[in-house]
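Please look over the structure shown below before reading on.

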Amino acid sequence: MISRPIKPISLWSSSSLRVTELTLLAILTLFGPPAIAGEGPWPSFTATTLNGEKVDSNKLIGQPTLLILTPSRNAATSTREWANTLRSNIDHTQYRVRDVLAVNLPFFMSEEDLIGTAKESVPQRYHDQTWILNSQIMESALGVPSDSDEAVIVVLDKNGNLVSQVHGKVTSARMSEVTDALQSLTNH
C-alpha cells in the first residue's frame, strides 16, 4: 500500500489559527521538557559558596563544568558518592567540578546557619567549590523533584550549554554517560 501525504483542510481562519499556534507554543513552553541538551546557556542564578562569597552562574562559563546538584537533604549521600567518584575519575585540569546544594530555606533559618551546618560535612578544601542556592531554579530547569533522594550530575560545555544530565545513584552505566558527555566536549 502506498501512503500519500494528506493535505490539511483549513477549518479556521488565519487569525484563529495563529491564536491556536500561540496557545500551543505557550503550553509547550510551560509544560514541555524543561532542559534539553544544547538549548542554550544555563539559567541565571546567584549562589553563595561555603566561604561566604556570592557567585553568579556566569562563573560556569569558560570551562566545561560538572555540576553535582543536591536537590534535598536526603540526596546528601548520593552527592557524596558522586563527588568521590567524579573527583577520582576525571581530569580536574580540563573540567571544573562544583557542588550545588539547592535549598528552600524556612523563614526561621538564615543562609549563614545553613553554611555553618554544611561546613561541618564538606571538607574545607571544597568550600569554595560548594555553592548554596536558595532557589529551585535548577530543579525546575532539569525537571527534578526538589525532594529527590538522588543527586543530579549536569555536564555544561564551556559556553554554559547543557550537554547531559544524569539523575540517580552512581552506577557504571551512569558514570559512562557522564564520561561520554565529557569526552564529546574534548572532541569538538
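## The sheet and its strands

Strand 1 and strand 2 run antiparallel and are joined by three bridges, where two strands are said to pair if DSSP finds at least two bridges between them, and where helices (H or I, at least four residues) and strands (E, at least two) are DSSP runs numbered from the N terminus. This is a predicted model, in which local features need pLDDT of at least 70 and side-chain atom pairs count only at pLDDT 80 or more, while totals for chains, interfaces and linings use all residues. Residues are numbered from 1 along each chain as its sequence is written, and side-chain values use heavy atoms, with hydrogens and water left out. Within this pair of strands, Ala 47 stands opposite Val 55 of strand 2, and in the hairpin, which has four residues between the strands, Gly 52 takes a positive phi near 90°.

Strand 1 also pairs with strand 5, in the antiparallel sense and over two bridges, with Thr 48 opposite Ile 132 of strand 5. The open sheet as a whole is formed by seven strands in the order 2-1-5-4-3-6-7, with mixed pairing. Strand 2 (54-56) and strand 7 (162-167) each have a single partner strand and stand at the edges, so one side of each is left without a neighbour in the sheet. From one strand to the next, the twist averages 30°.

## Helices packed on the sheet

Strand 3 (residues 65-70) pairs with strand 6 in the antiparallel sense over five bridges, and Leu 69 has Val 152 of strand 6 as its bridge partner. Helix 5 (residues 172-186) packs on the sheet, touching strand 3, strand 6 and strand 7, and its direction makes about 170° with that of strand 7; contact means heavy atoms within 4.5 Å, and angles run from 0 to 180 degrees between N-to-C directions, the axes being lines fitted to C-alpha atoms, for helices over the stretch in contact.

Helix 3 lies across strand 1 (46-49), strand 2, strand 4 and strand 5 (130-133), and runs at about 145° to strand 5.

## Confidence in the model

The protein chain averages a pLDDT of 77, and 76% of the residues score at least 70, pLDDT being the predictor's confidence in each residue, from 0 to 100. Confidence is lowest in helix 1 (residues 14-31), at a mean of 36, and highest in strand 6 (residues 152-156), at 93. Over residues 3-39 the pLDDT is below 50, and this stretch has 14 contacts in the model beyond near neighbours in sequence. Where pLDDT is low, the predicted coordinates should not be read in detail.
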